[in-house]
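Me: I am new to this structure and would like to go through it by question and answer. Please show it before we start.

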Amino acid sequence: MSTDRLAGETPPGQEAAPGTAEARTPDDAAGPGGAQAPESAAAPEGAAAPGEEATGREEGAVTAGTEVPAAGTEVPAAGAEVAASASASGAEAAASGTEPGAEASGEETGTPSSGAESGTPASGADTANPGAANGNPASGPEPDAPSSGAETAAPASGPAAGSPGAAKANQPSGSAKATADALAAAVRAVESGERSAASFFNDAPRPARPAAPAAQPAKAAPQGGPQAGPTGPGPEVTRQRTAQESGEPARQDGPEGGATGPAAAAPAATGPAPAPRPAVRALPGVDGVRQVLAAGGAPETLAEQTAEVLGERAAEALSEDPWLLLGVPGVRPEQADGFARALLGPACGPGDERRAQALVGWLLEQAALAGHSALEAAALRAALAQRSVPDPDDALQTAIADGAVLVFQDAIDEPGGRARPATGDDEDEEQPVRVLLGLDRFAMAEESVADGLARLLNTFEAVAEPARDTAPAAAGETEAEGEAADEATAGETTADGDAQVAEGDAAGESPATTAPTPDTPADHDTAPHPARPSATEWEAAAAAAPSPSAAELIRAAAHSGLVAHTGAEAARAEPAALIAAARSLGLRAFGATHTENGRRRLAAHLTDSAPDATAPGSPEPATAAVTVSGLLSGREGPGRDADGALALDLLVVLDAPQLDLETAALLVESLTDGTRLVLSGDPGVLWSAGPGRLFADLLAARFCPQVASRTPDFGPIGELVSGIGIGELSQVEAPGKEVVIVPVRDAGEAVHRTVQLVADSVPRAFGVPAEHTQVITVGHGGAAGTRALNAALKERLNPGPGRFGGFDPGDRVAYAPAPGRTVPGTVTGADAAGLRLDCDGLAVVVPREQVGTGAVRHGWALTAHQAAGTRWPAAVVVLPGDATGGLTRAWVYTAFSRGERHLSVVQGADQALARAVAEVPVKERTTRLRSLLQQSVQSGEEPTAAD
């Protein structure tokens with residue numbers, strides 16, 4: 001490797017590092033308090049792990065020791081429950097009614113149910129209930145209403161129990177009687193079928209949590225700062241079934257039995273009124289959300305996102321539970337706390353149960369951004385304590401009971417390195433387990449992937465062996481079968497002369513004549529597979545493979561419904577050889593990649609693997625290359641059959657390490673029984689930007705046959721990257737300056753030298769223009785992060801005012817259509833429809849609102865996660881000294897392997913680079929897939945490797 005400057009380079013001189021001031025704010029999330037709009041967290045480089053940024057008691061929050069009212073003191077809130085004496089009969093009768101579902105959007109928004117327990121903090125401005133007993137909106141709080149002195153009963157289910165029109169507790173007898181009559185009439189209407197249960201609700205109620213057995217005395221506020229919570233065992237696993245059976249997760253609307261901490265109900269008749277809150281009548285839709293945000297001091301630009309997350313009743317929900325704002329991407333706890341203080345005033349405090357529940361969900365979401373599909377109970381408990389939650393263990397128990405969090409037991413890895421799942425079969429021997437907590441959607445995705453992979457293995461039909469040297473059967477039966485076979489295959493045989501008849505084909509025709517083209521789904525329902533090649537045909541295809549590793553992969557795919565294939569960039573020719581061989585045998589075979597750039601590289605390999613596939617009517621080999629997103633959306637590939645499954649027989653997924661759990665679950669569920677699936681990728685690269693580590697877990701579980709490529713990457717870059725993959729960072733011979741090391745002293749010099757390399761040195765020395773050179777750095781923030789580098793590169797390569805939302809025509813950008821996916825492109829213009837991009841030849845229009853939320857960034861510089869799956873003619877990797885904490889072997893391996901012809905390393909990390917390569921393989925993730933796969937192996941016969 002050369003450490004000299006390339007021809008024409010100059011010292012830094014007086015040029016300052018642009019963007020260094022911005023480095024002080026690496027997180028660009030929007031939130032209350034005037035912060036700018038949030039940018040998309042497409043890559044987890046900047047994602048904070050739970051508890052990473054511990055915050056003490058926020059300024060202005062109610063301090064420890066705040067006086068709380070005596071037990072039983074309550075204030076009527078909008079939609080409060082009927083007192084037990086007034087509504088016992090109505091709630092009992094309503095238990096037989098139909099329980100309304102959650103919000104229509106299907107997302108848990110945390111909107112307080114109208115039938116929730118009456119522990120809602122009384123802050124003096126509860127929103128009016130349109131369905132109040134008098135039929136008119138309430139004008140505000142009712143300070144003269146007497147308190148009930150005990151916790152009201154929570155309805156189990158049914159419309160009457162949670163009706164927003166229920167009267168408040170201990171109203172005058174006439175009002176109570178009228179309310180009881182209305183409840184009875186509602187129950188009769190539901191039971192007779194005259195009205196639906198949902199018609200009695202203004203809000204879409206959620207399943208109510210079980211009521212406490214009796215009112216509990218109010219707990220005193222914690223003294224001496226936040227507590228770490230109990231240190232005993234984690235939440236009981238037996239609570240998991242209760243959480244799962246309760247339907248959609250529901251957050252607690254108010255404290256239970258008098259509540260805990262400063263968020264408990266305040267005295268109704270005494271004391272000053274709490275701080276101002278939003279107007280009682282909230283405007284409908286986004287305007288109402290904007291009104292509530294403005295009342296709490298939050299940027300009104302969050303209104304559309306908030307309405308999308310919280311649903312139709314977002315304004316009312318946010319008024320009653322300000323911490324629901326944490327569900328909006330980019331909002332941080334300290335910002336939500338400030339918003340809550342502005343709305344609730346003295347009724348707001350770190351002990352508010354609504355705050356604790358919102359933090360549980362937020363911490364698990366942040367863990368997902370860092371790649372975890374679940375967290376250990378102890379880690380989540382510690383993270384809550386760092387966020388000033390007084391009783392973390394109680395908060396977790398409440399979240400579990402409400403169904404917002406699921407509990408799992410996972411086996412702890414044995415010393416030998418293989419995890420042993422907790423099956424519960426051996427009662428004599430205790431198995432070490434850990435308690436994991438996770439969000440339901442990631443748990444469901446992980447289980448769906450495990451079940452789907454097991455299904456593909458179990459439903460695979462072995463290839464037909466030639467009928468040779470078999471035991472003699474009855475003479476009449478043998479002759480009849482022989483005559484039928486002769487008639488069916490007259491003039492058409494397989495390569496070795498053995499006739500092959502498709503199962504269920506009533507006509508008895510050879511698959512060679514009845515199979516549709518590889519891009520066309522089968523027209524008849526009687527033949528589930530267009531072709532069934534024999535073992536001899538598969539062996540012939542393997543013998544014609546271009547390399548021994550490709551032949552081994554073809555044989556493995558012939559004998560198993562699921563195969564894992566590992567290899568670096570040169571090994572991508574092996575899956576291409578498998579696809580070409582399968583298509584030549586009449587199978588509908590396709591290869592799916594993570595990016596459009598990867599699709600083009602696979603198409604080139606397919607063309608090389610089948611140079612003679614130019615017969616009239618034959619599809620071009622390159623048509624078998626698709627992207628995963630295009631395949632699932634139907635834009636690319638064979639489409640779907642009548643049952644909704646992908647119309648293919650063999651699918652090879654390249655870049656498998658970039659598959660996140662939810663995408664993998666959708667992909668596996670789209671494959672019909674008997675489909676062959678090959679997951680191929682480089683195990684040394686970074687895992688997916690989303691949660692999970694599917695490919696690594698599949699390899700570690702030894703769930704299916706594995707084929708390791710023996711095809712190395714050649715050249716100086718390939719030699720360097722191969723050494724990094726085994727933990728060695730060594731110098732390589734680069735006579736043509738394919739690898740150049742550029743030492744720098746600080747971040748400012750790193751930015752200057754990077755601009756110089758991209759704009760001058762690389763184009764002059766290698767003929768690679770600036771638009772084909774990619775800069776890769778550790779993260780978005782910092783003095784040499786993507787923001788600072790992109791600002792400097794734009795100023796040099798395409799200066800302009802940024803009149804289209806900060807962008808100008810000609811700007812290189814990175815568009816994130818979905819979390820975890822990055823599409824490089826170039827700005828071509830903008831109009832009323834949005835920002836127009838050219839993404840690898842495809843015209844894309846990004847709506848204005850997406851541009852404002854950070855879906856588009858400047859793309860001269862990317863993170864390694866964003867660059868994964870794509871290669872450029874030249875790459876410049878920037879390693880500033882202040883970013884060494886983010887370096888791992890997988891990060892260095894991924895970044896250094898992005899350049900095809902040239903790699904420049906702007907080195908400011910000194911010895912930290914070598915230490916990261918040798919000692920820090922990856923940033924570990926907490927997942928359950930490995931154990932789930934091993935449980936599946938134990939429940940059945942372990943797959944055998946192909947010969």
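Me: How many bridges join strand β10 and β19, and in which sense do they pair?
Reply: This is a predicted model. Strand β10 covers residues 739–743. β10 and β19 pair in the parallel sense, and the number of bridges is five.

Me: Which residue of β19 stands opposite Leu879?
Reply: Strand β18, residues 872–879, also pairs with β19 in the parallel sense, over seven bridges. Leu879 stands opposite a residue of β19, and that residue is Gln907.

Me: Through which helix does the chain cross from β18 to β19, and what is the handedness of the crossover?
Reply: Between β18 and β19 the chain passes through residues 889–896, which form helix α26. This β-α-β crossover is right-handed.

Me: How many of the nine residues of β19 are buried?
Reply: Buried here stands for under 20% relative accessible area. β19 is mostly covered, and the count of buried residues among its nine is seven.

Me: Against which elements do the buried residues of α17 pack?
Reply: Helix α17 spans residues 596–609 and reaches 20 Å from first to last C-alpha, close to the 20 Å expected. Its buried residues include Arg599, Leu602 and Leu606. Residues three or four places apart in an α-helix point the same way, because there are 3.6 residues a turn. The buried residues of α17 pack against α16, β5, β6 and β19.

Me: Why is one side of β6 and of β9 left without a neighbour in the sheet?
Reply: Six strands form an open sheet with parallel pairing, in the order β6-β5-β7-β8-β4-β9. One side of β6 and of β9 has no neighbour because each stands at an edge, with a single partner strand.

Me: Which residue of β8 is the bridge partner of Thr566?
Reply: Strands β4 (residues 562–566) and β8 (residues 676–681) pair in the parallel sense over five bridges. The partner of Thr566 in β8 is Gly681.

Me: At about what angle does helix α15 run to β9?
Reply: Helix α15, residues 548–559, lies across β4, β8 and β9. Its angle to β9 is about 175 degrees.

Me: In which helix is confidence lowest, and in which strand is it highest?
Reply: The protein chain averages a pLDDT of 73, and 59% of the residues score at least 70. Where pLDDT is low, the predicted coordinates should not be read in detail. The lowest mean, 36, belongs to helix α13, and the highest, 98, to strand β7.

Definitions and conventions
Residues numbered from 1 in each chain as written. Predicted model: local features only at pLDDT ≥ 70, side-chain atom pairs only at ≥ 80, totals over all residues. Heavy atoms only, no water. Helix = DSSP H or I, 4+ residues; strand = E, 2+ residues; numbered from the N terminus. Expected span 1.5 Å × (residues − 1). Buried < 20%, exposed > 50% of the residue type's maximum accessible area, 1.4 Å probe, protein only. Contact = heavy atoms within 4.5 Å. Pairing = 2+ DSSP bridges. Right-handed = clockwise from strand over helix to strand, strands pointing away. Axes fitted to C-alpha atoms, helices over the stretch in contact; angles between N-to-C directions. pLDDT = per-residue confidence, 0-100.
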